[in-house]
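Here are my notes on this entry. Please read them with the structure open.

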Amino acid sequence: MKILLINGPNLNLLGARDASVYGSKTLPEIESLLSKKAKELGTELVKFQSNHEGALVDFIQENRRQASGVIINPGAFTHYGLALRDSLADTTLPVIEVHLSNIYAREEFRRRSVIAPVARGQISGLGWRGYVAALDTLVALIAESADVNPAKKTAG
Ligand code: DQA
């Protein structure tokens, strides 16, 4: 089973961005922690980060057929990335939206997510642990849906 782990703009600079908002772990540190966790859960992560919405859309289109679910931190595209939103909706895969910071406790413009309506759920404000919670939950949700619909077991 493959899960897409996608990070949007500026998240490549984690570690150098304001640590009081985003924590001090770098993206490679978070990714390697998650890869280890994924292995324990018997799944594989396909990781991608880009600062460009089109590149994120291309990655989602190219990988959606091999994937069983998506974990995405869309960065600032959260708030206005409609092409990204459409590409996620088109996958029909379960999507978990993750934010390191609590977007509801910040500026007004961050309180609206155009991704949330096409996501299965959202985790906001738990730092890097939010990604771990997303992975745990997504694997459980995918396993549950395969139990209900055995045809899905062959996907990925
Ligand atoms: C973020 C929140 C966004 O508003 C912001 O643009 C980011 C990071 C988060 O992880 O808290 O780049 O998605």
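This is a predicted model: local features need pLDDT of at least 70, side-chain atom pairs count only at pLDDT 80 or more; totals for chains, interfaces and linings use all residues.

The points below go from the overall fold to the ligand site.

1. Fold. The protein chain has five helices and five strands. Read from the N terminus, the order is β-α-α-β-α-β-α-β-β-α.

2. Dimensions. The C-alpha trace spans about 45 × 30 × 25 Å along its principal axes. For 156 residues, a compact globule would have a radius of gyration near 15 Å. The protein chain has 15 Å, so the value agrees with a compact globule.

3. Ligand site. Which pocket does the ligand take up? Its space is the second largest pocket. The residues around the ligand are R17, Y22, N73, G75, A76, H79, H99, L100, S101, I103 and R110. By class, this shell has four nonpolar, five polar and two charged residues.

4. A polar side-chain atom of R17 is 3.1 Å from a ligand oxygen atom. For H99, a polar side-chain atom is 2.9 Å from an oxygen atom of the ligand. L100 uses its backbone instead: an N or O atom there lies 2.8 Å from a ligand oxygen atom.

5. How much of the ligand's accessible area does the protein cover? On its own, the ligand has 320 Å² of accessible area, and the protein covers 98% of that.

Notes:
Residues are numbered from 1 along each chain as its sequence is written. Side-chain values use heavy atoms; hydrogens and water are left out. A residue is near a molecule or strand if one of its heavy atoms lies within 4 Å of it. A polar contact is a pair of N or O atoms within 3.5 Å; within protein, one must be able to donate a hydrogen and the other to accept it, and residues adjacent in sequence count only if both atoms are side-chain atoms. Accessible areas come from the Shrake-Rupley method with a 1.4 Å probe; for residues, only the protein chains shown count as cover. On a 1 Å grid over the protein atoms alone, a cavity is a set of points where a 1.4 Å probe fits but cannot get out, and a pocket is an open set with protein on both sides within 12 Å along at least five of seven lines; lining residues have an atom within 4 Å of a point. A molecule sits in a cavity or pocket if more than half of its atoms lie within 2 Å of its grid points. Ala, Val, Leu, Ile, Met, Phe, Trp, Tyr, Cys and Pro count as nonpolar, Asp, Glu, Lys and Arg as charged, and the others, Gly among them, as polar. Helices (H or I, at least four residues) and strands (E, at least two) are DSSP runs, numbered from the N terminus. The radius of gyration is taken over C-alpha atoms; the globule rule is 2.2 Å times the number of residues to the power 0.38.
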